[in-house]
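Please open the model in your viewer and keep the sequence panel beside it. The tour below moves from one selection to the next and says what is found at each stop.

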Amino acid sequence: EKERIYMSEKENILTRTWMVVLLASICCILWGSAIPAIKTGYRLLEVESSDTASQIVFAGIRFALAGLLVLLFGTIREKKIMLPEKSMIRYIVPVCLAQTLVQYFFFYIGVAHTSGVKGGIITGTGNFIAILMSCLVARNEKLTGWKMIGCLLGFAGVVLINLNGSTLDMGFKLTGEGFVLISQVSYAVSTLLINRYSKKMSPVLLSGSQFFAGGILLFIIGKFMGGHLDKLTAAGAVLILYLALVSAVAYTLWSILLAHNPVSRIAILGFVNPLCSVILSALVLGEVQEAFNLYSLSALVMVCVGIYIVNFRKETGIS
């Protein structure tokens, strides 16, 4: 009885607006730092933008380490070794494929072929895609006119950030911005899966297991493609550890929030992600001019206004 009351109180805390906003913001600040950190990692480890195989090896090490950190944290918290049971594999594998293997295979290649600012803003579209999928595919909620307007504004921001002069397709590469966008579709699918499967098993165990499995697969794929990290230095190792912690902390918190809240309520708070990506990219990568020109600022406003409209419609009930 006491355990049931404790779980009820815990769930109540995780559904309170201030707690949801706080934890989601922490996640997005961490994610916002990932793009400049990855680019810095490529520089420290001397991984060229054309060296796709080594980029995948880099990602594999990061996520395998992230998985181990999550499982270690869970083991310490639960005071018992946290390992998945055989019956949980049917939940872990789909999330692993969508969230880690497919998403980051395309994300790491895409980030190497686009600017941190563009990558950050395009990453924000994953929230809109998740809402659309929740409404149209999973049918967990109703797709209203306001939600459509908000989503369209977000995608308009993605188009605008890729405008260079007056030509729509200038500055857009399939292996750059295109791959980052593909990664966000995979992210949206994983959001729906986590929302469903985190109710059937521990979100911490799900996050740690899928990260470790996905990281190993990425590492094997990268090595098979001829990837290597021969220039690993102390600074490079520290940066990989930081990126592993980003994934371990952010995705575990995000999974816990998705286990206790509707997809739209959590996904919509991802507006902090593109904002942090733009600011941190400008500061870390020296892209101040790109971060604060008319196209980038207008695109960022569109993305944030789109999310606000969806959130405003949800809060007020205006039809």
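This is a predicted model: local features need pLDDT of at least 70, side-chain atom pairs count only at pLDDT 80 or more; totals for chains, interfaces and linings use all residues.

**First stop: I216**

Select I216, which at 35% relative accessibility counts as partly exposed, where buried means under 20% relative accessible area, exposed over 50% and partly exposed in between, with a 1.4 Å probe and protein chains only. I216 lies in helix α10, residues 203-224; helices (H or I, at least four residues) and strands (E, at least two) are DSSP runs, numbered from the N terminus.

Residues are numbered from 1 along each chain as its sequence is written, and side-chain values use heavy atoms, with hydrogens and water left out.

**The whole chain**

Zoom out and colour by secondary structure, which gives 15 helices and zero strands. Of the 319 residues of the protein, 53% count as buried. The accessible surface comes to about 14500 Å², and 68% of it belongs to carbon and sulfur atoms; these areas come from the Shrake-Rupley method with a 1.4 Å probe, and for residues only the protein chains shown count as cover. Among contacts in the protein with a separation of 6 or more, 87% are accounted for by residues 24 or more positions apart, a contact meaning heavy atoms within 4.5 Å.

Select residues 52-78, helix α4, whose 27 residues reach 39 Å from the first C-alpha to the last, close to the 39 Å expected at 1.5 Å a residue; the expected span is 1.5 Å times one less than the number of residues. K79 follows α4 and has a positive phi, near 60 degrees.

Within α4, pick L71, which counts as buried at 12% relative accessibility. Leaving out residues up to four places away in sequence, L71 touches M82, L205, G208 and S209.

Move to α3, residues 34-44. Nine of its 11 residues are buried, so α3 is largely enclosed by the rest of the structure; among the buried residues are A34, P36, K39 and Y42. T40, also in helix α3, counts as buried at 15% relative accessibility. Show L239 with T40: the two are 199 residues apart in sequence and 8.4 Å apart in space, C-alpha to C-alpha.

Which residue has a positive phi of about 55 degrees although it is not a glycine? Select E46 to see this backbone angle; E46 sits in the loop between α3 and α4 and counts as exposed at 53% relative accessibility.

**Last stop: the cavity**

Rolling a probe the size of a water molecule over the atoms shows where empty space is left. Here a cavity is a set of points, on a 1 Å grid over the protein atoms alone, where a 1.4 Å probe fits but cannot get out, and lining residues have an atom within 4 Å of a point. Grid points are joined across faces, edges and corners, and a volume is the space filled by probe spheres set on the points.

By this rule there is one cavity of 30 Å³ or more, and about 210 Å³ of space lies in the largest cavity. To find it, select W31, Q103, T123, Y251 and N273, which lie nearest its centre among 19 lining residues. Helices including α2 (17-32), α9 (174-197) and α11 (234-260) each supply at least two residues of the lining, and the largest share, three residues, comes from α5.

Technical notes
On a 1 Å grid over the protein atoms alone, a cavity is a set of points where a 1.4 Å probe fits but cannot get out, and a pocket is an open set with protein on both sides within 12 Å along at least five of seven lines; lining residues have an atom within 4 Å of a point.
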